[in-house]
Amino acid sequence: MQQLSAASSERNWAGNYTYRARKLHRPTSVEQVQEIVANAEKVHVLGSRHSFNDIADSSELVSLTAIPPEIRVDRQAGTVSFAAGTTYGGLAEALMAEGLALHNLASLPHISVAGAVATGTHGSGDANGNLATAVASLELVTSSGEIVRASRGEPRFDGMVVGLGALGAVIRLTLDVEAAYDARQRVFEGLEWKMLFDHFDDITSCGYSVSIFTRWGPRIDQVWVKSRVTNVPESVRSELFGAVAATVDRHPILGVDPVNCSPQLGRPGLWSERLPHFRMGFTPSIGEELQSEYMLPRQHALPAIEAVRGLAEKLRPVLQVCEIRTMAADQLWMSPAYGRDTVAMHFTWQPEQERVEAVLVDLEAALAPFEARPHWGKVFVARAGAIAALYERLPDFVRLVEDLDPHGVFRNAWFESRVVGVA
Ligand SMILES: Cc1cc2nc3c(=O)[nH]c(=O)nc-3n(C[C@H](O)[C@H](O)[C@H](O)COP(=O)(O)OP(=O)(O)OC[C@H]3O[C@@H](n4cnc5c(N)ncnc54)[C@H](O)[C@@H]3O)c2cc1C
């Protein structure tokens, strides 16, 4: 039986946002989702609440976690399908039993797959598309209660994957899978800025997935290099362009206990235990933080990094650490990596919303010349007027929203001000 609770005291993971919704539904079946949605005036699906803003809020919220995951592998198609409340951690466990893997993961396995896909969440790797690029098909309940299915290659599919929660309630997802693989990670410390500027492409391509962590000091703190284990014996490097291989496990923020981090020092392990920086069962990252992130065309990486370095003094009082990652271009209309090989500049902030927003005004101004697209699920100050020009398929996406949801049941305040508004 579906359960309701008042949502007024429900918060997101970071605790910087209290949902305003009056009701939180917890359906146990797809039929219940159809009924809830068809009867709602305004509704949104709540994922695992890891976004740092009001993207998931509405008058009514639906959590899909009580619907059985029903994870099904199709070996012939090379896919896995599952109910949309599933987290990457839960999915990875099921895939492990099948000897299968995903192409990439974000920094943490705790997030729901549907929520990650809806915001274009990503990991790293020059050749890796973001996590949404693994979606082969999806099913969603539209505002009339009807179920709509779409598969890769169909006309509207590329608009439906990074849906920002505005198209309907995704109830089932199918992702591409591959044979399980092992990976290892090594951390290199103290990279000179000059080395990064002279060898940026060599550094981001020196592993399957590379993360560069900096607090914008005299040197770059750490470079995390994740490699897939192959049959070819590994040539172990003791340094990376002068940065020295760490001899103990590290946390991305220097000085913080790495107990919650995935094992390093080149120890091989399953893909799902090396690609995320943080381990399931532990609090990811620092736990007390806000995050922002900007995705820009790869060719702007170096001038953009220089521009942010120029703001170091302003950023540092509220910054915990910055992470630079890369990802391959994709074709998903509202993906921050749409149409361009991408460099992502991520900021883990102190949990001080007002001070962070004040700094973001300068940061976004500094990144604007580089066509920086904000991460939909993180803190940013830009409004739709500034963002619209960065998404050439936005008019098509808005038409799709109007088509699937003519009465705007899934349109929330965040969507109006950040995606379609003129403010
Ligand atoms: C510690 C931490 C580390 C992070 N690391 C990364 C990272 O490495 N890379 C990165 O890119 N991002 C990262 N993020 C951001 C995070 O991946 C995104 O905010 C993501 O959207 C969170 O998913 P969620 O399930 O919590 O979604 P929520 O925040 O609950 O919702 C996000 C959006 O998805 C929609 N949604 C959720 N489920 C459905 C559904 N079934 N149907 C329709 N819409 C749905 C919601 O309505 C909302 O619009 C991190 C966040 C945290 C807190």
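1. An oxygen atom of the ligand lies 2.8 Å from an N or O atom in the side chain of Arg 325. This is a polar contact, that is, a pair of N or O atoms within 3.5 Å. Taken alone, the ligand exposes 970 Å², and the protein buries 99% of that; accessible areas come from the Shrake-Rupley method with a 1.4 Å probe.

2. On the basis of this note: the model is predicted, local features need pLDDT of at least 70, side-chain atom pairs count only at pLDDT 80 or more, and totals for chains, interfaces and linings use all residues. Residues are numbered from 1 along each chain as its sequence is written, and side-chain values use heavy atoms, with hydrogens and water left out.

3. Backbone atoms also approach the ligand. A polar backbone atom of Gly 47 is 2.8 Å from an oxygen atom of the ligand, and a polar backbone atom of Ser 48 is 2.8 Å from an oxygen atom of the ligand.

4. The ligand is surrounded by 37 residues, each with a heavy atom within 4 Å of it. The closest are Val 45, Gly 47, His 50, Ser 51 and Ser 112. By type, the shell divides into 17 nonpolar, 17 polar and three charged residues. Here Ala, Val, Leu, Ile, Met, Phe, Trp, Tyr, Cys and Pro count as nonpolar, Asp, Glu, Lys and Arg as charged, and the others, Gly among them, as polar.

5. Strand S3 (43-46), helix H3 (113-119) and strand S10 (169-176) each supply at least two residues of this shell. The largest share, five residues, comes from H3. Helices (H or I, at least four residues) and strands (E, at least two) are DSSP runs, numbered from the N terminus.

6. Most residues other than glycine have a negative phi. Arg 49, in the loop between S3 and strand S4 (60-63), has a positive phi near 70 degrees. Leu 164, in the loop between helix H4 (157-160) and S10, has a positive phi of about 60 degrees. Leu 164 counts as buried because its relative accessibility is 2%, buried being under 20% relative accessible area (1.4 Å probe, protein chains only).

7. There are three cavities of 30 Å³ or more. A cavity is a set of points, on a 1 Å grid over the protein atoms alone, where a 1.4 Å probe fits but cannot get out.

Conventions
A polar contact is a pair of N or O atoms within 3.5 Å; within protein, one must be able to donate a hydrogen and the other to accept it, and residues adjacent in sequence count only if both atoms are side-chain atoms. Buried means under 20% relative accessible area, exposed over 50%, partly exposed in between (1.4 Å probe, protein chains only). On a 1 Å grid over the protein atoms alone, a cavity is a set of points where a 1.4 Å probe fits but cannot get out, and a pocket is an open set with protein on both sides within 12 Å along at least five of seven lines; lining residues have an atom within 4 Å of a point. Grid points are joined across faces, edges and corners, and a volume is the space filled by probe spheres set on the points.
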